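Please work through each task with the structure in view before reading its solution.

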Amino acid sequence: MKPLMTRRDVMRLMAAAGLGSAFASRTVADEAVAGADVTAELKLIASSTAQRYPAVLSGGKVIQPQRPLPIFHETDVLVVGGGPAGFAAAVASARTGVRTALIERYGYFGGLWTGGLVLYVEPTHAKINNQWIKTTCGIGDELLRRLADIPGGIVHYGAGQRNPTSDPEATKYVMDEMITEAGVNLFLHCWGVDAIMDGSAIRGVVFESKAGRQAIVAKVVIDASGDGDVFAAAGAEHEQRLHAIGLVHRLGNVDRTDKQALGKSGIKNLGAETPLPGVTWINLRGPSANCLDVNELTRLELEHRRAIWKHVQRLRQTAGGEQAYLLQTAPQLGVRTSRLLAGAQKLMLADARAARQFPDTIGVGGADWGPWPIPYGTLVPAKLDGLLAAGRCICVDAKLIEDMRLIATCLVTGHAAGAAAAIAVQSKCRPRDIEISRLQKLLKDQGAYLG
Ligand SMILES: Cc1cc2nc3c(=O)[nH]c(=O)nc-3n(C[C@H](O)[C@H](O)[C@H](O)COP(=O)(O)OP(=O)(O)OC[C@H]3O[C@@H](n4cnc5c(N)ncnc54)[C@H](O)[C@@H]3O)c2cc1C
């Protein structure tokens with residue numbers, strides 16, 4: 001049957017009503033109305049005349065010549081990576097009034113939380129004497145609270161609840177709001193590729209974008225890339241571990257499936273609840289692999305997508321599952337662990353399990369086995385200056401990685417790294433030399449929980 005009105009008809013009507021330019025063309029339409037003159041949008045601009053320094057093939061080797069790089073931006077604190085840790089770090093730093101910039105390789109914030117579709121935020125609480133206490137406070141909790149103000153933004157958040165699940169688009173939206181309100185200078189689609197060194201201190205980052213290589217100079221850099229890209233480039237000591245690399249997907253129409261019938265056919269996992277009705281997310285563990293190896297990443301992307309596709313097709317062909325559909329595979333492959341900083345201090349599982357107190361506690365991790373204070377030394381490189389790590393690449397015992405890398409803990413360590421970097425700038429000292437009592441006071445003033 002012919003539709004009553006095509007999209008173009010709607011566009012013409014909106015244009016006639018004066019809505020075309022303000023709303024339709026920017027927000028809804030993906031193509032111009034037929035016959036419209038779009039040459040104004042096709043404006044010819046000057047091509048870059050910057051001098052080029054292409055690599056050369058010489059004696060069988062590819063040589064990149066020495067070259068000056070344009071300084072794109074100067075800042076006090078530069079955060080690399082806008083996942084949960086980088087987001088919290090940038091907001092914490094900018095809220096002190098210190099000039100803060102953030103570069104992110106993709107076009108949105110949230111990292112694996114939003115782009116990886118890992119929607120379950122844990123562990124927001126720790127169990128003490130059979131009581132759950134909230135350990136994810138401050139900027140992380142503010143984000144969750146603001147998600148709760150949005151219908152369909154989050155579930156299982158609020159009094160008596162813990163470990164909520166958020167909607168990825170709502171999470172991106174609230175992160176955009178908070179990070180913009182804080183006054184962070186944001187640069188998306190920028191991939192940090194090298195460190196700018198001044199002796200044993202890092203003084204900024206070289207990034208790649210469509211415009212080529214450029215530099216951002218900073219007094220303190222926070223590596224929140226998840227994989228320690230910056231500290232590795234700067235030559236900081238670290239270790240690298242392999243971990244299961246998976247790919248998360250979302251299913252739609254799960255509420256229209258017959259779970260009993262599917263169960264009889266052996267299909268039991270229809271994913272975990274999300275804030276959207278009928279939509280679930282399904283985790284995938286995957287094999288232990290190396291995220292620094294693009295051959296492995298390419299193979300896993302293809303293998304995981306094929307497996308997910310086949311799994312969902314089988315579901316749709318099984319009695320009771322006909323209505324379900326594959327809503328989305330995650331835009332980002334699920335890298336759980338890779339590089340870990342060799343820090344001024346390594347937090348050991350035994351100390352965490354014993355809830356050992358540290359004079360430099362900057363946050364508390366949650367767990368069903370109890371709260372575990374996190375010392376500042378886990379964020380500070382053993383030797384390198386001018387840099388802090390945050391999120392899933394901080395310095396912990398291998399046995400603590402499973403707790404340390406979770407979203408709620410990354411929000412906590414990100415918050416601390418941002419506050420610490422700001423204090424180092426204000427105090428004109430190295431991050432390792434800041435006054436810990438001042439950091440702890442700032443964190444408490446910003447709502448963080450330190451035990
Ligand atoms: C499959 C899977 C399932 C998981 N399940 C859960 C769960 O159920 N609950 C839970 O709480 N946690 C879960 N996690 C863990 C959690 O999602 C991550 O560990 C957490 O998001 C880490 O936060 P982060 O900020 O340290 O790093 P990331 O989330 O990895 O963010 C890093 C950010 O830095 C950017 N970036 C990276 N390199 C560069 C660069 N060189 N230049 C510029 N930008 C860069 C990335 O694009 C990204 O935005 C899971 C992880 C995976 C992989």
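Helices (H or I, at least four residues) and strands (E, at least two) are DSSP runs, numbered from the N terminus. The model is predicted: local features need pLDDT of at least 70, side-chain atom pairs count only at pLDDT 80 or more, and totals for chains, interfaces and linings use all residues. Residues are numbered from 1 along each chain as its sequence is written.

**Exercise 1. Backbone exceptions**

Task: Determine where Asn-130 and Lys-428 are placed, and whether each is buried or exposed.

Solution. 
1. Most residues other than glycine have a negative phi, and most peptide bonds are trans.
2. Asn-130, although not a glycine, has a positive phi of about 65 degrees. Its place is the loop between S5 and strand S6 (131-134).
3. A residue is buried if 20 or more other C-beta atoms lie within 10 Å of its own, exposed if 12 or fewer, and partly exposed in between, with C-beta atoms placed from the backbone. Asn-130 has 5 C-beta neighbours inside 10 Å and therefore counts as exposed.
4. Lys-428, also not a glycine, has a positive phi of about 55 degrees. Lys-428 lies in the loop between helix H11 (407-427) and helix H12 (436-445). Because Lys-428 has 8 C-beta neighbours inside 10 Å, it counts as exposed.
5. The peptide bond from Glu-122 to Pro-123 is cis, with omega near -10 degrees. Pro-123 belongs to the loop between strand S4 (100-104) and strand S5 (125-128).

**Exercise 2. The nonpolar core**

Task: Identify which residues have the most contacts inside the largest nonpolar core, and which residues Ala-420 touches.

Solution. 
1. A nonpolar core is a set of buried Ala, Val, Leu, Ile, Met, Phe, Trp, Tyr and Cys residues joined through C-beta atoms within 7 Å.
2. The largest such core has 115 residues, and Ile-222, Leu-388 and Ala-420 have the most contacts inside it. H11 gives the most to this core, with 14 residues.
3. At least three residues of the core come from each of domain 1 (71-241 + 338-445) and domain 2 (244-335), the bounds being taken from an automatic or database domain assignment.
4. Two residues are in contact if their C-beta atoms, placed from the backbone, lie within 7 Å. Leaving aside residues up to four places away in sequence, Ala-420 touches Tyr-376, Leu-379, Leu-388, Pro-431, Ile-434 and Leu-439.
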